[in-house]
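Please find below a note on the two-chain model under review. The points are numbered for reference.

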Amino acid sequence: MNIIKNRYIFFLISLIVIIPGLVFLGLNWKQDPVEGPIRLGIDFRGGSLLEIEFNGARPNASEVTAIYNEVSTEAESVKDPIIQPLGDNAYAIRSRAMNDETKSVIISKVEALAGPVTVLNFTSVSASVGAEVTRAAGVAIFMAAAAILLYIWWAFRGVEHPMRYGAAAVLAMLHDVLVVLGVEAMFGYFLGWEADALFLTAMLTIIGFSVHDTIVVFDRVRENSRVYRRLDYETLVNHSIVQTLDRSLVTQLTVIFTLVALVLFGGDTIRHFVIILLIGIFSGTYSSIFNAAPFLVVWENREWENWFKRKKAAA
Amino acid sequence: MYRNKTLWLSIIAALVIFALWVDLSKTLYVPSPFSDKPLVNRNVEVKLGLDLRGGLQTLLEADVPADRVVKAEDMTNAKNILENRANGLGVSEVVMQVAGDRRIVAEFPGATNSDEVVASLKKTASLEFVDMGNTPVPEGTIIQTDFGASEPTSVSPDSETPPDANAIVYHTVMTGADLDSATVGQDNSGQYVINFTLTQKGSTIFGDYTSKNVGKYLAITLDKQVISAPVINQPILGGQGSISGSFTLESANALAVQLRSGALPIPIKIVESRTVGPTLGEESVRKSVQAGVLGLIVVILFMTLYYRMPGALAALALIVYSLLSLMLFKLIPVVLTLPGIAGFILSIGMAVDANVLIFERLKEELRAGKNLRQSIDIAWSRAWPSIRDSNSSTLITCLILFIFGNTFGASMVKGFSVTLALGVLVSLFTAILVTRTFLHTALDNLKFSEHPSWFGL
């Protein structure tokens, strides 16, 4: 099996997945320049989410909107909430941030309209906190990437060019981040999914897993480069990938088993989170086999110097 | 590195028995043979986060301009004061933590009426000096006063004995607003007291009142609760006085802080509020546990079918892993949130990875014709660097997630990072030592050369 030989085909496959994602990131941005390329949930954007279950018949969404508009004030505008049905007899209502008194007023008015209700969930985050959390999330991802780059650099100090391994791992990681962001943008575009704090958690887990996977492949390159000193680099890397292929697939399968169990039986609250994790984990395995390790070869041959043409086999 | 199989086997057995004891009991109770006091008496129930049991979580922030530095001491004091107020609400297990340098996370498990909780948190603690007339009151009594009431009605306690003691509304002479400063000191007998000075206006009121009421009781109340109710021994004219009660140094300090600032050392506003209904929580617990058990079963089946004998032993090690993790969650204790459970389930997948790495290595060495015992040793030592490095990177991510979650009071993110990190650490132990011990034990009792299919070869 020669994965390294076909490396540009695999890079192309990655691009085919990533580019549509980028397009949707752009589409979201164009659609709503204020919100940006990803539909951010209230954790990042600020706002309120009220989930209420009706014991009796569920009223029309327009009636609930009317209540919100009535309660809305200049200082605390909760006008024109976004109302989505939740199951058979509940609503998820999103608006701008509101305090608890406003919430009580709304609840009592809704109860006057439709009889007793149960508040399943109420969240309100002020816009300033949301903005700060968004910035911090960016910093967290950046810090994670930097820390991992440094760690790999240090862990591979025994081989030639240890920094390349760190850079390749981070590149593969960026690949997975882009894939997941693109998919999230697509879901956001079609299904209205919003990125919340759990999405960030998923993202950071994917980063961890992606690097975890890449390191296993690189570890084999590290070991083989000591054992087979005379082998040329391409063959060495390819051999390492093939040797770790079984393990990569088995591990991927076990993680996917547990995640699929979570998607099917874990309940609605974390479904979005787990689906993003699944996609990210899949992408993580792909990128460590088909991107990270081949990238080492691209760097070794300095292929960008002749427009990414492969070195002649004899060279 | 690995020599004494019997030793490890007994350590593992002891750990498993201990873990089973912790996992299956609600309290750890060990009676002492020498006294009535038990040696160990600890509640080890699984602590569920708000998203699983229902309740209210709020994020409070210092309401000062963003560029002003908030002193850590102020935040801690504010937290302590809020904690006292919250405990007065009768909500059990209130958790308050300072998050970052200007926020406090407050969690009220089981609280459903968020308005009530929030309103009472916002309410500033008010100090009052109350005219009790000739009635002595014990500390801790809650009384009614005319301060802050919508219709100030003054009922003299000297009048006819009222039918219900609770119905008496006492007159407030002065409030904390007239206080200039308050410090902690000690009186002649070494008891902690709070020395206060009054503003000019306060001095006048207090001087007048104490002159006229020598020999009567004056109650000092905080949020209508009596802290102390001394007898006025002599007129206090200089605008200085002291409050004695049964204070410890800490409680005296806390009170002095409250008095100095009227209420909180810094103004606080609510920036985030989350309420989860209890039914949603219950359903989530049930579903996640189902998913976890199912995930575990599928992984066990898969490992056994794919790697045969070693796989079955790894599956056994995985059960040890689950028992140990649950034990740690209960002992530490880790508050389990929904993402926390997700993190744990994900760590099951990662726990298997270490074994997969080793077994793939084992197969390779066996195919290369090495004997079994040699192969096991080589497999373990060769797989170790990749297990070490890959898990280190996961731990690094966990650390960054934890810091992020801690700073922003995002307990979901924090919960996830804690369970994932614990899972990774426990998995290193089970995958490396437990599986290996099991494998060596099994090998003493069979000959591999007769059963290559047991190793999937």
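The points below cover the basis of the model, then its chains, strands and contact.

1. This is a predicted model: local features need pLDDT of at least 70, side-chain atom pairs count only at pLDDT 80 or more, and totals for chains, interfaces and linings use all residues. Residues are numbered from 1 along each chain as its sequence is written, while chains are lettered from A and ligands numbered from 1 in the order in which they are written.

2. Chain B has 10 helices and 16 strands; helices (H or I, at least four residues) and strands (E, at least two) are DSSP runs, numbered from the N terminus. Of its 457 residues, 43% are buried. Buried means that 20 or more other C-beta atoms lie within 10 Å of the residue's own, exposed that 12 or fewer do, and partly exposed is in between, with C-beta atoms placed from the backbone. Among contacts in chain B with a separation of 6 or more, 71% join residues 24 or more positions apart; two residues are in contact if their C-beta atoms, placed from the backbone, lie within 7 Å.

3. Strand β4 of chain B (residues 55–62) is largely enclosed by the rest of the structure, because eight of its eight residues are buried. In a regular strand the side chains alternate between the two faces of the sheet. On one side of β4(B) the buried residues are Gly55(B), Gln57(B), Leu59(B) and Glu61(B), and on the other Leu56(B), Thr58(B), Leu60(B) and Ala62(B).

4. What does β4(B) pair with? Seven bridges join β4(B) to β6(B) (residues 103–109), antiparallel, and eight join β4(B) to β15(B) (residues 268–276), also antiparallel. Pairing requires at least two DSSP bridges between the strands. Thr58(B) stands opposite Ala106(B) in β6(B) and opposite Ser273(B) in β15(B).

5. The contact between the chains takes 55 residues from chain B and 54 residues from chain A. On the chain B side, the elements that give two or more residues are α4 (114–122), β15, α7 (278–331), α8 (338–367), α9 (372–408) and α10 (411–443). The largest share, 14 residues, comes from α9(B). By class, this side of chain B has 31 nonpolar, 16 polar and eight charged residues; Ala, Val, Leu, Ile, Met, Phe, Trp, Tyr, Cys and Pro count as nonpolar, Asp, Glu, Lys and Arg as charged, and the others, Gly among them, as polar.

6. Chain A is divided into domain 1 (7–35 + 129–306) and domain 2 (47–125), with bounds from an automatic or database domain assignment. Their centres, taken over C-alpha atoms, are 40 Å apart.

7. Helix α1 of chain A (residues 7–31) has 25 residues and should span 36 Å at 1.5 Å a residue, which agrees with the 36 Å between its end C-alpha atoms. The expected span is 1.5 Å times one less than the number of residues. Arg7(A), Phe24(A), Leu25(A) and Asn28(A) of α1(A) are buried, and their cover includes α6 (162–191) and α9 (271–300) of chain A.

8. In chain B, three strands form an open antiparallel sheet in the order β10-β11-β14. β10(B) (179–186) and β14(B) (240–244) are the edge strands, each pairing on one side only. β10(B) and β11(B) (residues 192–198) pair over seven bridges, with Ala182(B) partnered by Phe196(B).
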